[in-house]
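This report covers helix packing and aromatic contacts. Please look over the model before reading on.

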Amino acid sequence: MSYSKINEQEEAELALLSNDSSSVAGSDDLEANHKDEQSPPTTTEPEYQTPTSVKFMWLGSYFFFSMMLTLYNKLILGSFKFPWLLTCMHTTFASLGTLVLLKLGRFKLSRLGRKEHLILVAFSVLFTANIAMSNLSLSLVSLAFFQIIRNTVPIFTVLIYRGWFGRSYQLATYLSLCPIIIGAGMTVVGEYHYSALGLFITIFGVVLAAVKTVTTNRLMTGSLALPSMELLFRMSPLAAIQSFVFALLAGELPEFANTMSQRAAESSKLATLATVAFLLGNGLLAFFLNVSSFQTNKLAGALTISVCGNLKQALTLAIGIFIFKDFTVDLLNGTGILLVLAGCAFFSKAELDSKKKTTT
């Protein structure tokens with residue numbers, strides 16, 4: 001066989017392999033659909049490749065469902081004091097919801113090996129541990145102090161990207177984080193109670209939250225490049241089981257059963273059914289929030305989703321002031337809200353400018 005025929009045969013095999021690999025790409029994932037169109041490959045971060053209109057659409061949906069769930073909890077579920085059972089319900093709804101989407105053909109499952117499955121198990125443990133650290137730190141420090149430390153998540157997110165991935169941002173992006181973090185801290189000024197152990201646990205929880213946010217983003221945009229729905233589908237059952245185990249250890253199950261039986265005895269069947277319906281509605285809304293949160297993280301980036309957390313805090317406070325009348329705003333709190341809003345506008349402009357620079 002001549003040398004030229006060998007080359008022709010190798011080229012035909014390579015073309016066949018290329019066609020096969022492109023046919024298994026996720027058909028409903030925005031980034032997966034365009035993965036093969038990016039030629040030649042670049043080192044541009046995924047959030048700078050996403051159209052601005054698509055990014056803002058998902059950011060808007062994330063804010064909408066996040067605020068709706070906050071209001072839902074405020075109006076109806078304020079007396080539901082079972083955080084692990086609530087987390088188990090949310091992740092169970094995420095499992096069932098993504099299963100329905102899978103059956104409807106909205107996404108396809110990737111072929112994963114043992115290593116990838118172990119990574120997803122570790123990610124589910126990280127997801128549950130983040131909740132555990134948050135609950136533990138809240139029991140050791142005051143709510144105001146917890147929120148102050150929690151506002152530094154964007155800083156740790158930047159440090160993780162710089163230290164682990166060697167990624168840097170524009171100077172304007174760094175500067176925009178200052179009013180966001182300071183302003184968010186000003187919105188929760190109050191009585192601070194904490195111990196040395198509480199301070200350590202709270203800071204560790206913040207680092208864990210930043211690691212979880214970055215890890216979520218990298219699982220969807222890195223070498224594994226899972227569609228957001230598939231990641232949620234694979235992670236949710238594991239997190240639900242882990243949350244249920246924590247609920248058992250915390251004694252929430254018998255306490256919840258006693259609470260429900262007491263409500264059933266003191267109220268009518270219709271009121272009991274309404275309580276169950278309200279809980280199921282909360283789980284359904286949490287499913288929509290999880291979907292928008294994962295996709296927003298993928299398309300907008302881990303730092304942006306961290307900044308959104310601070311903005312949500314300021315907007316939640318504003319809603320509490322103007323709608324529920326349960327908080328009296330003073331000059332410091334009001335200035336903090338304005339600082340967060342101005343910082344987020346500055347951050348958005350800085351990121352848009354960065355996108356223009358990377359695409360030109």
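H7 passes H10 in a right-handed crossing. In this predicted model, helix H7 spans residues 143-150, and its axis comes within 9 Å of that of H10, the two crossing at roughly 40°. H7 and H10 are therefore oblique to each other. On the H7 side, the residues that meet H10 are Phe145, Phe146, Ile149 and Arg150. Their partners in H10 are Leu199, Thr202, Ile203, Gly205, Val206 and Ala209.

The crossing of H5 with H11 is left-handed. Here the axes lie 8 Å apart and the packing angle is about 150°. Angles over 145 degrees count as roughly antiparallel, and H5 and H11 are therefore described that way. The residues of H5 that meet H11 include Trp84, Leu85, Thr87, Cys88 and Thr91. Among those contributed by H11 are Met229, Leu232, Phe233, Ser236, Pro237 and Phe246. The two helix pairs are set out below.

| Helix pair | Axis distance | Angle |
|---|---|---|
| H7 and H10 | within 9 Å | roughly 40° |
| H5 and H11 | 8 Å | about 150° |

Next come the aromatic residues. How many aromatic pairs does a search of the whole structure find? The search finds 11. In one of them, the ring centres of tryptophan 84 and phenylalanine 246 are 4.5 Å apart and the planes make an angle of 15°, so the pair is stacked; the cut-off for stacking is under 30 degrees. Tryptophan 84 belongs to helix H5 (residues 83-103) and phenylalanine 246 to helix H11 (residues 228-249), so this pair ties together parts that are 162 residues apart in sequence. With a relative accessible area of 8%, tryptophan 84 is buried. Phenylalanine 246, at 34% relative accessibility, counts as partly exposed.

The rings of tyrosine 161 and tyrosine 169 have their centres 6.3 Å apart, and their planes stand at 75°, so this pair is edge-to-face. Both of these tyrosines are buried. Tyrosine 161 also has a charged neighbour: the charged end of arginine 167 sits over its ring, 5.1 Å from the centre. In another charge-over-ring arrangement, arginine 218 lies over the face of phenylalanine 165, at 4.7 Å from the ring centre. Elsewhere, Phe64, Phe65, Phe287 and Phe288 form one aromatic cluster.

Where is alanine 225 placed? Alanine 225 is in the loop between helix H10 (196-221) and H11. Although alanine 225 is not a glycine, it has a positive phi of about 50°. Arginine 263 lies in helix H12, which covers residues 252-266. At 32% relative accessibility, arginine 263 counts as partly exposed. Between arginine 263 and threonine 275 the separation is 12 residues in sequence and 9.2 Å in space, taken from C-alpha to C-alpha.

Over the protein as a whole, the secondary structure comes to 15 helices and 0 strands. Buried residues make up 44% of the 360 residues. Of the contacts in the protein with a separation of 6 or more, 86% are accounted for by residues 24 or more positions apart.

Terms used. Residues are numbered from 1 along each chain as its sequence is written. This is a predicted model: local features need pLDDT of at least 70, side-chain atom pairs count only at pLDDT 80 or more; totals for chains, interfaces and linings use all residues. Side-chain values use heavy atoms; hydrogens and water are left out. Rings of Phe, Tyr and Trp (its six-membered ring) pair if their centres lie within 6.5 Å; planes under 30 degrees apart count as stacked, over 60 as edge-to-face and the rest as tilted. Helices (H or I, at least four residues) and strands (E, at least two) are DSSP runs, numbered from the N terminus. Buried means under 20% relative accessible area, exposed over 50%, partly exposed in between (1.4 Å probe, protein chains only). A charge sits over a ring if NZ of Lys or CZ of Arg is within 6 Å of the ring centre and within 35 degrees of the ring normal. Axes are lines fitted to C-alpha atoms, for helices over the stretch in contact, and angles run from 0 to 180 degrees between N-to-C directions. Angles under 35 degrees count as roughly parallel, over 145 as roughly antiparallel, 65 to 115 as roughly perpendicular and the rest as oblique. A crossing is left-handed if the near helix is turned anticlockwise from the far one by less than a right angle, and right-handed if clockwise. Contact means heavy atoms within 4.5 Å.
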